[in-house]
Amino acid sequence: MKYLSSLGWNDFFDNSFKNFDSNTYKCGRISAENKTNYSVLTGSGEIIGEVSGRYLFETERQSDLPKVGDWVVITLFNNNELAVIHQTLPRRTKISRKSADRKTDEQIIAANVDIAFIVQSLDDNFNINRLERYLSVVYQGGVKPVVILNKTDLCNDVEEKVKLVKERTGIENPVSVSALNRDGLDAITSMIEPGSTIVFLGSSGVGKSTLINALLGYDRFATNEVREQDSRGKHTTTRREMVLLPSGGILIDTPGMRELGLWNADNGLAQTFSEFDDYSESCKYSDCTHTHEIGCAVLSALEKGFIPKERYENYLKLRKELKYLESKQNISAQIEEKRKWKIIHKELKNFNKKNKQ
């Protein structure tokens with residue numbers, strides 16, 4: 001298991017694997033999702049793996065299939081060059097969002113992550129509301145967030161924006177860097193321990209690929225220039241992929257995300273906006289919506305300037321988004337339940353009809 005330890009294997013996964021016969025089954029970690037199969041890091045190196053027919057048949061949700069960062073139970077064949085994936089071990093942490101399409105599904109961005117580096121650029125792409133959204137997602141998954149403020153070379157008010165991030169988010173030590181000039185990267189590398197898994201998150205154009213190339217020491221990922229008129233960039237990373245860093249850490253790169261819909265992120269929202277829970281304990285009504293009620297401690301704090309107006313408005317927006325998602329999930333569950341019972345009644349009707357003949 002020494003090689004697996006360098007890939008992030010620890011006691012948590014070891015305990016999950018104890019029920020499997022180690023003489024028959026092995027473990028590997030998903031490093032990339034391909035169109036029809038997976039790239040899997042194992043003790044035999046990186047090999048191609050395919051999900052077994054039984055596993056695929058018994059899986060109801062896409063989010064339950066292997067994702068980048070997952071540890072999977074496999075059997076090896078063809079001289080250990082190919083693998084069949086039989087099961088995914090329980091995830092210790094995960095970062096997920098609502099699927100970007102119209103479906104009410106969870107999309108796993110990365111699994112079993114220790115640190116999420118949330119990258120914001122200090123040009124016109126700088127957006128505190130978006131940062132609070134990312135923090136809610138990261139906290140929900142049980143992952144430690146680190147805020148990276150990139151492109152200090154393009155910013156004349158770095159200290160003011162650092163101060164704003166601290167005041168709005170409670171993050172005490174955001175890291176200011178210039179990936180292009182290689183300034184401030186030591187602060188990032190010092191946080192990456194051997195065997196730890198990190199992921200870079202951020203919208204298009206914030207400089208994630210440039211940062212990662214700097215950490216790797218070579219240009220592995222393509223980079224594009226950002227449009228000057230709106231500070232937006234193109235998706236230079238097209239898929240999630242795991243790479244090993246020279247420091248011994250494991251890095252998961254993700255495409256820039258234009259949308260980061262919340263997914264069951266009540267706990268993450270509570271951690272991001274922790275002061276709202278503190279104030280709400282003093283609200284007159286236990287089901288206070290913090291929008292119009294007399295005796296609302298949150299509104300009182302807002303009026304006194306203890307809560308910034310922009311932060312309050314973003315909190316309401318994100319909470320409204322979660323409530324809407326919850327209602328859609330309930331509707332989807334009801335439709336699925338009706339569908340199952342319709343199938344059962346149809347099979348029962350056919351059974352009774354057959355027995356009467």
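This is a predicted model: local features need pLDDT of at least 70, side-chain atom pairs count only at pLDDT 80 or more; totals for chains, interfaces and linings use all residues.
Local features need pLDDT of at least 70 and side-chain atom pairs count only at pLDDT 80 or more, while totals for chains, interfaces and linings use all residues. Residues are numbered from 1 along each chain as its sequence is written, and side-chain values use heavy atoms, leaving out hydrogens and water.

**The whole protein**

The protein has eleven helices and 13 strands (DSSP runs numbered from the N terminus: helices are H or I with at least four residues, strands are E with at least two). Of its 357 residues, 46% are buried, meaning under 20% relative accessible area with a 1.4 Å probe, protein chains only.

| Helix | Residues | Residues in the contact |
|---|---|---|
| α4 | 128–140 | Ile128, Asn129, Leu131, Glu132, Leu135 |
| α5 | 158–169 | Leu164, Val165, Arg168, Thr169 |

Contact means heavy atoms within 4.5 Å. The residues of this contact divide into five nonpolar, two polar and two charged (Ala, Val, Leu, Ile, Met, Phe, Trp, Tyr, Cys and Pro are nonpolar; Asp, Glu, Lys and Arg charged; the others, Gly among them, polar).

The axes of α4 and α5, lines fitted to C-alpha atoms over the stretch in contact, come within 11 Å and cross at roughly 50°.

**A serine in a loop**

Ser63 sits in the loop between α3 (53–58) and β4 (71–77). Why does Ser63 count as buried? Because its relative accessibility is 5%. Leaving aside residues up to four places away in sequence, Ser63 touches Arg91, Glu106 and Ile108.

Technical notes: Axes are lines fitted to C-alpha atoms, for helices over the stretch in contact, and angles run from 0 to 180 degrees between N-to-C directions. Buried means under 20% relative accessible area, exposed over 50%, partly exposed in between (1.4 Å probe, protein chains only).
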